[in-house]
Amino acid sequence: MQKDANWWRHAVIYQIYPRSFADGNGDGMGDLKGVLERLESLKQLGVDAIWFSPFYKSPQKDAGYDVADYTDIDPLFGTLADFDAVLEKAHSLGIRVIIDLVPNHSSDQHPLFQAALKAGKGSPEREMYHFRDGKDANTPPNNWPSVFGGNAWTQIEDGQWYLHIFDSSQPDFNWDNPKVTEFFHGVLRFWFDRGVDGFRVDVAHSLVKAKGLPDLKVDPEEVGFDPSAQDYKDHPYWGQEGVHEVIRGFRSVANEYEDRALCAEAWVLPLSNMAKWVRPDEYHQSFNFGYLSTSWKAADLKKVIDDSLLEFGAVGAPSTWVLSNHDVIRHVTRMAYDEVPKQGDGIGPDYPQPDEARGQRVGRAATAFMLALPGSSYLYQGEELGLPEHTTLEAKFREDPTFFRTNGERVGRDGCRVPIPWEADKPAFGFNSTGKSWLPQPENYRRYARSAQEGIAGSTLELYRQLLKVRKQFNLGMGKLTWVEDLCDESTLAFDNSGVRVIANFAGTVALPAGELLATTQHDLTIEGVLEHDQVAWIRL
Ligand code: NOJ
């Protein structure tokens, strides 16, 4: 792999959700062997890096975000040797590899938590986590809610309670304890020494809690994981000032190595606040969830892009751009609606079903627009196929703790986590050779299979390939965006980047300028033609 200290400034990073990418051993659960066999397809797609959601040893109570051993692979996914093989092959293909760090909480099966349970009240072992006595015998220490529903505290046999911002199987670490810092620096070095190129850091904004763990002053039900809730200035666990010291520690470990990068998953708003996370001695990148949450409306998009470039630019960081991941409704489905359920709540069979054609049209346009922006972009596995959310998944298959903790009221995130289709006519659409699948795939996934799109002009797969090829050719990731103000109004946006003019049309039709058509979402468009609504064209002037 060529050394390049700035690769993350412009990289297109493809998220692999190991459970659902490819299943090499046929047990119905994706694994590293499956990834190894399918890596070439990512080279053909043209991505620069992959990010793995967790594959560590885990009881899988939150699909692997409940880690029982940070330096080993769960047998579900393979072995450390399998990981080394993936890393080596990815590097030989010129693809960098970043992995997930889950530092806010461990699994309740982690030896450190098990030791804390055994050691008893007031012990140094309990100081690794947040154990407290209740307000009284039956009342938890404060009113914090779990993001997944219900209370954030669970009582144990000796009467004490432990804190879990997520599921009760995910106790929160106590980041005021230097031993926690030391432990995680060791984890970072373990994987950096193995050759990984970086980390995506899970719920990076919640590690530090306000001293004394004070009650929330707002209605706990309203808070959840919703980014708008971060506007509350004195929120006791989202975005505490003390977290920046933790970040600087991570960065100093990363700096012991050449060209490694850290990306924060931080649901903090406004953007000026998020930009603090990517100051030169903090994270390299932070997911731009403000962008993800912006709907397909010209004025809103223009504003969020301007704000992002301004705020991140002010601290010398590139912006990231992202539309889909394993926690949100896939964007081709989200964009089929005027309004969708709150992040994390998901869509089930009882919800009005999406207008598939609208979602495909707008979703493809949104991607074509995003991939021309300067900075780094994240893609979620399957979106290169235009894969929609599974919106009719039956309750009996659901695994997301959100579903169980809310008695099914919030169906949760399983719909975006369904195994992806490779070959239309194979068992489980080529996910494996046995036809097993940990979540059932809907019948419409056959149409979206890679084999049904490969070499087909105008298919979403060929569109993504073309966009990524042109993006690389013109080095758009490192470019500079200049709005073509004359062409920007409530129904059109246009910008120039590195000699490429990007035009997005939101309503009616728009004529194209003279030039060479480099890429477009509108199949069969020619430079003499007109751009229809919800279509995007990239033109070399
Ligand atoms: C954010 C992860 O992306 C999500 O999947 C997980 O449930 C929570 N953090 C808790 O780790």
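On a 1 Å grid over the protein atoms alone, a pocket is taken as an open set of points with protein on both sides within 12 Å along at least five of seven lines, a cavity as a set of points where a 1.4 Å probe fits but cannot get out, and lining residues as those with an atom within 4 Å of a point. Grid points are joined across faces, edges and corners, and a volume is the space filled by probe spheres set on the points. The structure is a predicted model, in which local features need pLDDT of at least 70 and side-chain atom pairs count only at pLDDT 80 or more, while totals for chains, interfaces and linings use all residues. Residues are numbered from 1 along each chain as its sequence is written, and side-chain values use heavy atoms, with hydrogens and water left out.

The second largest pocket has a volume of about 370 Å³. It is lined by 21 residues, of which H10, D48, G94, R96 and K472 are the closest to its centre. The lining comprises nine nonpolar, six polar and six charged residues, where Ala, Val, Leu, Ile, Met, Phe, Trp, Tyr, Cys and Pro count as nonpolar, Asp, Glu, Lys and Arg as charged, and the others, Gly among them, as polar. Helix α14 supplies the largest share of this lining, with three residues. The largest pocket has a volume of about 750 Å³, and among its 35 lining residues S293, S295, R334, D338 and V340 are the closest to the centre. Its lining holds 14 nonpolar, eight polar and 13 charged residues.

The largest cavity holds about 120 Å³ of space, and D62, Y65, D202, D327 and R413 are the closest to its centre among 14 lining residues. Seven of these lining residues are charged, five nonpolar and two polar.

Helices (H or I, at least four residues) and strands (E, at least two) are DSSP runs numbered from the N terminus, and two strands pair if DSSP finds at least two bridges between them. Eight strands form an open sheet in the order β11-β10-β9-β5-β2-β1-β13-β12, with parallel pairing. Strands β11 (285-286) and β12 (320-322) stand at the edges with a single partner strand each, so one side of each is left without a neighbour in the sheet. Strand β12 is joined to the parallel strand β13 (residues 376-380) by three bridges, and V322 stands opposite Y378 of β13. Helix α14 (residues 460-473) packs on the sheet and touches β1 (12-16) and β13, its direction making about 160° with that of β13; contact here means heavy atoms within 4.5 Å, and axes are lines fitted to C-alpha atoms, for helices over the stretch in contact, with angles from 0 to 180 degrees between N-to-C directions.

The loop between β1 and α1 (32-45) contains G30, which is buried, with a relative accessible area of 0%; buried means under 20% relative accessible area, exposed over 50%, and partly exposed in between (1.4 Å probe, protein chains only). Beyond residues up to four places away in sequence, G30 touches P18, R19, S20, A22, D23, L76, F77 and F431.

Strand β20 (residues 535-540) has five of its six residues buried, so it is largely enclosed by the rest of the structure. Six bridges link β20 to the antiparallel strand β16 (residues 500-505), with A504 opposite V536. Four bridges link β20 to strand β18 (residues 516-520), again antiparallel, and A537 is the bridge partner of T520.
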